Amino acid sequence: MASKHISSVLTQSVRSFYATASAKAMKPGTPIAGLDFIKNAEPVVSKERSDYPSWVNDLIKPQNTLAKLRKMDMWTANDEDQKRFLKLTRRIKIKEGNVDAALR
């Protein structure tokens, strides 16, 4: 019972995170927060989109959710979708095990 509640809370928090995350590219020259940890160094700024490798553009594409993956036929799914399905189902089992252990 408690693990279902935890799963719903986690799902809600993930949804709210992605609802607030911005997938827009930064304008060139925009300082990147969190990367200015070296003293007396120039701040790290974003570059032109063409200066980055092509795989960087794939980072903003949303990944398939567990609900979508469960509806897929795993025999015809590509390797990335199969790995993601296994990763997400393992993560849920681990979290449920942690909740059960904490309630003992």
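**Salt bridges and a pocket**

A: Let us begin with one pair. In this predicted model, Lys 61 and Asp 58 form a salt bridge, and their closest N and O atoms are 3.2 Å apart.

Q: Is Lys 61 buried or exposed?

A: Lys 61 has a relative accessible area of 53%, which is over 50%, so this residue is classed as exposed.

Q: How many salt bridges does the structure hold?

A: The structure holds 2. One of them joins Lys 83 to Glu 80, with the closest N and O atoms 3.4 Å apart.

Q: Where do Lys 83 and Glu 80 lie?

A: Both belong to helix H3, which covers residues 79–103. They are 3 residues apart, about one turn of the helix. Glu 80 is exposed, with a relative accessible area of 53%.

Q: How much space lies in the second largest pocket?

A: The second largest pocket holds about 280 Å³ of space. It is lined by 15 residues, and those closest to its centre are Ala 25, Met 26, Arg 49, Tyr 52 and Val 56.

Q: Which classes of residue make up that lining?

A: The lining of the second largest pocket comprises 9 nonpolar, 2 polar and 4 charged residues.

How values were computed: Residues are numbered from 1 along each chain as its sequence is written. This is a predicted model: local features need pLDDT of at least 70, side-chain atom pairs count only at pLDDT 80 or more; totals for chains, interfaces and linings use all residues. Side-chain values use heavy atoms; hydrogens and water are left out. On a 1 Å grid over the protein atoms alone, a cavity is a set of points where a 1.4 Å probe fits but cannot get out, and a pocket is an open set with protein on both sides within 12 Å along at least five of seven lines; lining residues have an atom within 4 Å of a point. Grid points are joined across faces, edges and corners, and a volume is the space filled by probe spheres set on the points. Ala, Val, Leu, Ile, Met, Phe, Trp, Tyr, Cys and Pro count as nonpolar, Asp, Glu, Lys and Arg as charged, and the others, Gly among them, as polar. A salt bridge is a side-chain nitrogen of Lys or Arg within 4 Å of a carboxyl oxygen of Asp or Glu. Buried means under 20% relative accessible area, exposed over 50%, partly exposed in between (1.4 Å probe, protein chains only). Helices (H or I, at least four residues) and strands (E, at least two) are DSSP runs, numbered from the N terminus.
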